[in-house]
Amino acid sequence: MYVQIFLATESGVFELIPTGGAHRICCPELEVVDVAFFEGHLYVCSPRSGLFEVGGGRLKRLASSPCWRLISMEDSLIASVDGPALLDAPSGAKIADFSEYADRLGWRFLKGPAHIMDIVKFKDIYAAAVEEGSLLAGGDLKSLKPTRFWGDLHELLPDMGRLYMSTSTGIYYTEDLERFNMSIGPTGYTHAVRRCGGYLATHEISSRPLWISIDGISWRNLPLELPKPSYGTTNLACIGSKAIYAVRQVYVIDLARLIVERMASSLPLVMRVVIL
């Protein structure tokens, strides 16, 4: 299966070359935190500049609000912007606004208003992670409401009948969106949680950043010295049992055999690894 690996960086979007190296495909002037292809068009998300469609070497701004994520949901592409609010990315039209909850409950991101970092479908319920605020849940995106769980929430993963949440204090999980538990493993800043073959994987800010788990409850720190991730960066993606880990270098890591191959280096800081 052919896949493309894109790197959203502090200076535009790069594509990883399968034989090694990476080349920039757009927008060196933008800090990009997410990138997506939808219906033949490229979209980029920038917390400083907004939401853009890229075409013919030009940027078309679709929204000027700081943009944090691009999330494919069924037949739609959703953009997360400050508020928190959700937009239909291709049109820039607002889908939902949760700023009333933010004001009432005190959601607040360190650098400005709160925003949604991830949305997934879990047991027929939509769940959304607010940075920094509540885990939201509801039957559709417009009806999302706060659950009991509050934190500096980043990425969500529905797996093994549970919803896993990467946060600034480790990995948490729930089976019913009512009772929440902390996994045994990382206790620091995690910004990713992914399925990598037979493992769940995350990264923590450390010189040995990678953790894996078989059951999702107990995690093991891998004895691999790698560049530390930064705050606000999602440096991990997976293809089967192989992890793609990128900070300013890109590594392909066989998690089962602990074999590390460097694929690219001397890149701007990678904000997110995207596999399409």
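Me: What should I keep in mind about the model and its numbering?
Reply: This is a predicted model, in which local features need pLDDT of at least 70 and side-chain atom pairs count only at pLDDT 80 or more, while totals for chains, interfaces and linings use all residues. Residues are numbered from 1 along each chain as its sequence is written, and side-chain values use heavy atoms, with hydrogens and water left out.

Me: How many helices and strands does the protein chain have?
Reply: The protein chain has 1 helix and 28 strands, where helices (H or I, at least four residues) and strands (E, at least two) are DSSP runs numbered from the N terminus.

Me: And what about the radius of gyration?
Reply: The protein chain has 18 Å, which agrees with the value near 19 Å that a compact globule of 276 residues would have; the radius is taken over C-alpha atoms, and the globule rule is 2.2 Å times the number of residues to the power 0.38. Along its principal axes the C-alpha trace spans about 50 × 50 × 35 Å.

Me: What share of the residues is buried?
Reply: Buried residues make up 57% of the 276 residues, with buried meaning under 20% relative accessible area, exposed over 50%, and partly exposed in between (1.4 Å probe, protein chains only).

Me: Switching to rings, how many aromatic pairs are there?
Reply: The structure holds 7 aromatic pairs. Rings of Phe, Tyr and Trp (its six-membered ring) pair if their centres lie within 6.5 Å, and planes under 30 degrees apart count as stacked, over 60 as edge-to-face and the rest as tilted. One of the pairs is F149 with F180, which is tilted at 5.0 Å centre to centre and 45 degrees between the planes.

Me: Where in the chain do F149 and F180 sit?
Reply: This pair links distant parts of the chain, since F149 is in strand β15 (residues 145–151) and F180 is in strand β19 (residues 180–182), 31 residues apart. F149 counts as buried because its relative accessibility is 9%, and F180 counts as buried because its value is 18%.

Me: What about Y189 and Y231?
Reply: Y189 and Y231 form an edge-to-face pair, with 4.7 Å centre to centre and 75 degrees between the planes. Y189 is buried, with a relative accessible area of 13%, whereas Y231 is exposed, with a relative accessible area of 63%.

Me: Which residues do ring pairs link into a cluster?
Reply: Ring pairs link F149, Y172 and F180 into a cluster.

Me: Which ring does the charged end of K121 sit over?
Reply: The charged end of K121 sits over the ring of Y126, 4.7 Å from its centre; this requires NZ of Lys or CZ of Arg within 6 Å of the ring centre and within 35 degrees of the ring normal. The charged end of R162 sits over the ring of Y173, 5.5 Å from its centre.

Me: New topic: is D152 buried or exposed?
Reply: D152 counts as buried, at 14% relative accessibility, and its place is in the loop between β15 and β16 (153–159). Leaving aside residues up to four places away in sequence, D152 touches E131, E132, S166, T167, S168 and Y189, where contact means heavy atoms within 4.5 Å.

Me: And where is A129?
Reply: A129 is in strand β13 (residues 125–131) and counts as buried at 0% relative accessibility. The C-alpha atoms of A129 and I119, 10 residues apart along the chain, are separated by 6.6 Å.
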